[in-house]
Amino acid sequence: MSSSSINGACKTSSRSTHAQAILGPEFCERLSETKVLLVGAGGIGCELLKNIVLTGFGHITLLDLDTIDLSNLNRQFLFKKKDIKHSKAMVAAQTAGAFNPNVNIQPIHANIKEAQFDIEWFKRFDIVLNALDNLDARRHVNKMCMAAGVPLVESGTAGYLGQVQPLLKDRTECFDCVPKPTPTTFPVCTIRSTPSQPIHCIVWAKSYLLPQLFGEDEDGTDELDEAEKQGENAEEIAALRREALAYKAVRSALRSAQTTEDVAQRVFKKVFHSDILNLLSMSDMWRARAAPTPLDFNAIQEGTFSIQRPSNPSTTSGSAQTTHFQPANGHVNGKTPSTSSSSNGVSGLRDQRALSLHDTLELFMSSTNRLAERLRKGEDTISFDKDDDDTLDFVTAAANLRSAAYYIDRKTRWEIKEMAGNIIPAIATTNAIISGLIVLQAIHLLRKSYAQLRNVHVQFKPTNPLSTSTMCPPNPKCGVCRDTYTTVLCDPARVTLSELVHGVLGDNEREVSVYEDKRILSDPDWDDNLERTLESLNVGRGKFLTIVDEDEEWGTIVVALSILPPNHPSDGPAFILPSPLPSPPRLERQQSTPPPAPSRKRSAPDDEIVEVGPIAKRAKTDTNGTASIPNIASPNKRRRLEEDGLLMLSSKDDKIEDDVIEID
């Protein structure tokens with residue numbers, strides 16, 4: 001057999017045989033040269049990395065900021081127990097690299113929002129695949145891809161549900177074309193004073209009590225100031241301010257190595273007894289709701305504590321209801337027996353076992369002492385982490401103790417972990433389905449088969465588990481993909497804001513405002529920053545400058561900043577403008593409301609209608625018949641002045657009854 005036939009046989013029997021048969025040899029050859037950026041190495045990212053490696057994508061950059069946790073191992077199959085606490089990107093690249101030695105995988109353990117990953121960096125890739133789990137990072141990658149003109153495939157899962165969305169500038173809508181729902185928030189007074197649901201108590205324990213005792217938040221004044229601006233109950237806010245000041249002594253005791261008292265008991269009495277008594281002193285607050293019951297430390301320890309829930313304030317009967325808080329495992333407020341046997345086999349599981357009130361108190365004391373010991377050993381602050389047993393135990397105990405005081409159903413440790421950690425149940429099968437669909441849409445984008453692009457949804461319908469929809473065009477009012485993007489290479493230490501703006505606008509000078517994210521840098525009436533360098537304004541590589549036309553005649557220009565090339569001479573220009581300069585579209589002016597059609601009715605005989613030509617204007621005369629100063633202000637000018645709170649008079653003798661400030 002000749003050597004050529006042997007080589008041909010080897011090539012036919014290689015690992016890419018099936019891919020070549022499905023995709024064609026020419027496209028497979030292109031895939032081997034394709035540069036793809038995969039952002040995220042979690043549930044979707046692990047499955048997706050395996051898929052693109054086996055498909056034959058030749059050059060893969062894998063970026064992820066996270067490290068591996070124990071809870072990842074049930075669905076992220078590229079990791080093992082020995083990999084816990086190691087970089088996801090590094091371990092995933094090492095594991096998946098063995099699947100196809102012909103593929104080059106470059107792992108990066110970093111945040112995709114870092115300045116080094118600018119527009120020029122994104123332009124290196126032929127396609128970007130998102131496998132992210134948070135909205136902020138998704139929006140950032142979407143904007144970078146729109147600015148760089150790189151195709152993006154967006155994806156996400158939630159339990160048995162999932163979605164894949166291919167995005168391409170000027171052809172499809174982008175991720176921000178459709179507004180996303182904002183996270184649920186709760187009023188401060190509801191969380192701090194009048195909870196009515198388990199989630200209120202959990203948010204209080206996680207976002208208020210834990211930071212107040214062990215974190216950076218010493219008084220929470222910013223949150224209270226904002227609540228006061230929103231018009232929440234002023235009396236409640238004043239009481240909360242006094243309560244916040246009292247926490248300083250408790251914080252000091254938790255951190256002091258010389259403390260001889262039982263600090264955990266002191267925290268309990270402060271939070272669940274004294275603070276509740278202070279709230280009860282505000283009788284007006286409890287006219288329409290049941291007042292909470294202060295918790296008794298000694299009575300709970302002895303197993304004799306019970307709560308007398310007041311009758312509904314809206315009813316006329318004065319009877320009270322005794323609440324014993326019998327949990328699912330059949331034990332009341334006393335100690336739970338040590339045996340873990342149960343008919344349903346659930347109570348033996350630590351996370352899924354409902355605790356008695358006594359056990360909840362013991363968990364609160366234990367977790368508080370553990371966290372205090374960590375502070376004394378040198379930790380500056382401690383924040384909540386769903387995989388940190390100490391903080392999770394503290395939030396579980398504190399939330400359930402508060403629930404008991406307010407007659408709210410208590411939750412197991414597992415339920416609180418889900419709610420406090422914002423855990424959406426992840427299904428490995430859903431991740432696998434979504435990862436396969438991502439590769440299919442990526443192939444359509446690389447082939448430029450735009451007519452084949454589809455939004456794909458995995459839905460919980462056995463008769464129709466997959467649904468597809470054609471791509472929608474860009475939203476003409478989108479503030480991301482409808483802007484005109486350009487890139488300027490510069491040295492921020494030598495370039496002023498004025499030089500950059502005038503350079504980008506070129507000969508098309510006009511009145512503009514300049515923004516960096518939500519921060520205004522200049523506008524026609526405020527030019528203090530124009531002669532300052534970009535560096536002094538904290539604007540540099542990876543940032544965007546947005547130039548907005550004040551007259552709304554031209555579209556918005558977004559300038560992406562990047563660094564000068566390495567071979568740029570030191571005495572060369574401080575910035576390099578794009579060629580050609582950006583040319584934003586001229587905006588269509590909205591049609592004003594047409595004037596009403598003239599009436600066809602004949603005027604009454606005593607009506608006197610005088611038609612005045614547009615040029616000749618009758619001068620206004622005073623009481624003596626002397627012509628006054630002519631009205632030189634146009635109606636548009638008058639309207640703009642009135643909007644600014646100014647009033648233009650027709651003559652110096654005009655009288656105004658209201659109080660005004662005269663301006664020469």
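1. Let's start with α4 and α17: the axes of helix α4 (residues 43-55) and helix α17 (residues 428-447) come within 8 Å and cross at roughly 45 degrees. That angle makes α4 oblique to α17, and the crossing of α4 past α17 is right-handed. Keep in mind throughout that this is a predicted model.

2. Who makes the α4/α17 contact? On the α4 side you'll find Gly43, Ile44, Glu47, Leu48, Asn51, Ile52 and Thr55. Facing them from α17 are Asn431, Ala432, Ile434, Ser435, Gly436, Ile438 and Val439. Sorted by class, the residues of this α4 and α17 contact come out as seven nonpolar, six polar and one charged.

3. Helix α17 has another partner to look at, namely α3 (residues 25-33). The axes of α3 and α17 come within 12 Å, with a crossing angle of roughly 95 degrees. Angles of 65 to 115 degrees count as roughly perpendicular, and α3 and α17 are therefore roughly perpendicular to each other. Phe27, Arg30 and Leu31 of α3 meet Ile443, Leu446 and Arg447 of α17. By class, that contact of α3 with α17 has four nonpolar and two charged residues, with no polar ones.

4. Next, α14 and α15. The axes of helix α14 (residues 357-376) and helix α15 (residues 389-405) come within 8 Å, and they cross at roughly 140 degrees.

5. From α14 come Leu357, Thr360, Leu361, Leu363, Phe364, Ser367, Thr368, Arg370, Leu371 and Arg374. From α15 come Asp389, Asp390, Thr391, Asp393, Phe394, Thr396, Ala397, Ala398, Asn400, Leu401 and Ala404. The residues of the contact of α14 with α15 split into ten nonpolar, six polar and five charged.

6. Tyr407 is in the loop between α15 and α16 (413-420). Its phi is near 60 degrees, a positive value in a residue other than glycine. Is Tyr407 buried or exposed? Tyr407 is buried, because its relative accessible area is 11%.

7. Glu552 also has a positive phi in a residue other than glycine, with a value near 55 degrees. You'll find Glu552 in the loop between β14 (544-549) and β15 (557-563). With a relative accessible area of 59%, Glu552 counts as exposed.

8. There's a cis peptide bond to flag too: Ser579 and Pro580 are joined by one, with omega about 0 degrees.

9. Val91 is in helix α5 (residues 88-97). Val91 is buried, because its relative accessible area is 9%. Not counting residues up to four places away in sequence, Val91 touches Ile68, Leu78, Phe79, Asp83 and His86. If you want a distance to check, the C-alpha atoms of Val91 and Pro107 are separated by 8.7 Å, with the two residues 16 apart along the chain.

10. Ser498 is in helix α18 (residues 497-505). What does Ser498 contact once its neighbours within four places in sequence are left aside? The partners are Leu530 and Glu531. Ser498 counts as buried, at 10% relative accessibility.

11. Finally, some overall numbers. The protein has 19 helices and 16 strands. Of its 664 residues, 43% count as buried. The accessible surface of the protein comes to about 37,800 Å², and carbon and sulfur atoms account for 50% of that. As for contacts between residues at least 6 apart in sequence, 65% of them join residues at least 24 apart.

Key
Residues numbered from 1 in each chain as written. Predicted model: local features only at pLDDT ≥ 70, side-chain atom pairs only at ≥ 80, totals over all residues. Heavy atoms only, no water. Axes fitted to C-alpha atoms, helices over the stretch in contact; angles between N-to-C directions. Helix = DSSP H or I, 4+ residues; strand = E, 2+ residues; numbered from the N terminus. Contact = heavy atoms within 4.5 Å. Nonpolar A, V, L, I, M, F, W, Y, C, P; charged D, E, K, R; others polar. Buried < 20%, exposed > 50% of the residue type's maximum accessible area, 1.4 Å probe, protein only. Areas by Shrake-Rupley, 256 points an atom, 1.4 Å probe, with all protein chains shown as cover. Parallel < 35°, antiparallel > 145°, perpendicular 65-115°, else oblique. Left-handed = near helix turned anticlockwise from the far one by under 90°.
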